[in-house]
Amino acid sequence: MIYKIWMSVVKEFLLLKRDLGGLIILFIMPLVLVITVTLIQDSTFKTVSNTKIQILLIDNDKGSVSKTVFDNLEKSNLFSVVTQIDNKPITEEVAKEAVYKGKFQLAIIIPQNLSSDLQTKIDQNVENIVSKMGLSDSTAIVKPSKIIKEKEVKLYFDPAVQMSFKNAVMSSIDKMISQIETKSIYTTFQNQLGEENTKFEQKSFITFKEIIPKINNKEILPNSVQHNVPAWTLFAIFFIVIPLSINIVKEKSQGTFVRLLTNPVSNLIVIIGKTITYSAICMIQFYMMVAVAIFLFPHIGLPSLNIEGHLFLMSIVALFSGFAAIGFGILLGTVASTQEQSAPFGATSVIILAAIGGVWVPVFVMPKIMQIIAKSSPMNWGLEAFYDVLLRNVTLLEIIPKISLLFLFFIITTSIALFYDKKKRTV
C-alpha cells in the first residue's frame, strides 16, 4: 500500500518534470503578484504618505474661514493645495475642467462672503438668545435682522476617484467647517457676555482613541503585508487547480490512466499520490511567499512580515487550503474531457472564488447577498483562518472549524470525482 502510494507520487513528479516552464510560472507568478499588489496598496496602510494628492482651492471668500481651511489642508499629510495654474489665479470653470479631465482629483470652491456672512448669522443667533435670557441692553435700538442665505462649499471630484475617497474628503471638510462654526459661536458669546465674566474652553470634549492589541507589551499594527501575503498566497495555492486538472485530462487523453487501471492499483491510490505531490507544491509556494515577505520586502521599502509564533499555525492553514484546492482540481480534471475545458474553467472559477471570498474586496463592504455567498467560498475559509492566526492571534482550537470546512470540501470533491469516474467506467 505505502509502496504503491510512493510510486504514484514519483509518477506525478515525473509528469511535472516534463513541464518545467509551467512549474516555474506556478512559483514565479504568485511572487510577482504579491510584490506588485503589496507595493501598490502599501500607501493606504501608512499613516504618513510621502506622496501628497494635489487639490485645487479657489478662495472667493478671502476671509478667516477660507484661511483656516487652507491652513488645515496644508498641515495635513494627505494634500498639497494648488491655488494657481501657470502663475494665474484659478477660476471655477478652469478648476472644473482640470478635475473632469483627470489632471487633479479634487477642487474646492469657497463661496464669496462666507466668513462675514457666517459671523453675521452667528451674531444674530447669539443676540437672539442673549435677549431672551434678559442679558441684553433693553434701551438698545433693535435692528432688523439681515436675511443671510445658506452658503455652499462646492466640491468637484475626478469621475475616476473611488467613493471611499470622496466620503473621506467630504467628512474631513465637514468636520473642519463645523469646528470653525463652533469656535465662532463661542467667541461671539464671549464678546456678548464679556470675557471677564465667562470663559469658554474650546478644546474638544469628546475625542477618539484607537486601542491597539498588544503581544508581550508590544503594539501590533496591521499593515499591507499582513493583509496581502495571506490573500495572494491563498490565490496562488488555488491556482494549482489548473496544472492538476490539465494533467488528469492528459492522462485520460494519452491512455496513461487506462494503463494505470490495468495494474493492481485503485483510483484512490492514484488520487492519494496526486494529493501528496501537489500538497508539497502548495507548501513550497507558501514558504516561498513567506520568505519573500520576510527577507525581500524590507529592501524594497515594504514592512517585513512578522510571523513570530505564527508559522506553525499558518503552515496548517496553508496545508488544508492546499487540500481544498487539490480536491477541486481533481474534480475538475475528472469531469472535464479536454484541456480546453479544464484550463479556462479552472482559471475562471479560481478568480470567481477569490472575488467572492474576499481576496480582492473585503467581505464586509459587499452587499448582504454577496456576504452570505462569500461564506460558501473555500478561499474565504482559508483567508479568515490566515487572518485569525496572523492578525487576531488565535489558537489552534479556534481555527479548527475553518480548516475542518476546508478538509470537508476536499473529501466531498474527491468523493464526487471517484463516484463520477466509477460510474462513467461502468456505463
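Predicted model: local features only at pLDDT ≥ 70, side-chain atom pairs only at ≥ 80, totals over all residues.
**Stop 1**

Start by selecting strands β1, β2, β5 and β6. These four strands make an open sheet with mixed pairing, in the order β2-β1-β5-β6. At the edges you will find β2 (79-82) and β6 (154-157), each of which pairs on one side only. From one strand to the next, the twist averages 25°.

**Stop 2: strand β5**

Zoom in on β5 (residues 106-110). Which neighbours does it pair with? On one side, β5 and β1 run parallel and are joined by four bridges; look for Ile58, whose bridge partner in β5 is Ile109. With β6, the pairing of β5 is antiparallel, again over four bridges. Two pairs to display here are Ile108 with Leu155 of β6 and Ala107 with Tyr156 of β6.

Next, show the side chains of β5. In a regular strand, side chains alternate between the two faces of the sheet. Because five of its five residues are buried, β5 is largely enclosed by the rest of the structure.

**Stop 3: Val37**

Move to helix α2 (residues 20-41) and pick out Val37. Is Val37 buried or exposed? Its relative accessibility is 15%, so Val37 counts as buried. To see what is around it, select Asn228 and Trp232: Val37 touches both, leaving aside residues up to four places away in sequence. Asn228 is 191 residues from Val37 along the chain, yet their C-alpha atoms are separated by 7.4 Å.

**Stop 4: helices α11 and α14**

Finally, select α11 (residues 311-335) and α14 (residues 378-390), whose axes come within 9 Å and cross at roughly 175°. An angle over 145 degrees counts as roughly antiparallel, which means that α11 is roughly antiparallel to α14.

- from α11, Leu313, Met314, Val317, Ala318, Ser321 and Ala324;
- from α14, Pro378, Gly382, Ala385, Phe386, Val389 and Leu390.

Colour this contact by class, and it shows ten nonpolar residues, two polar ones and no charged ones.

Terms used:
Residues numbered from 1 in each chain as written. Heavy atoms only, no water. Axes fitted to C-alpha atoms, helices over the stretch in contact; angles between N-to-C directions. Parallel < 35°, antiparallel > 145°, perpendicular 65-115°, else oblique. Contact = heavy atoms within 4.5 Å. Nonpolar A, V, L, I, M, F, W, Y, C, P; charged D, E, K, R; others polar. Pairing = 2+ DSSP bridges. Buried < 20%, exposed > 50% of the residue type's maximum accessible area, 1.4 Å probe, protein only.
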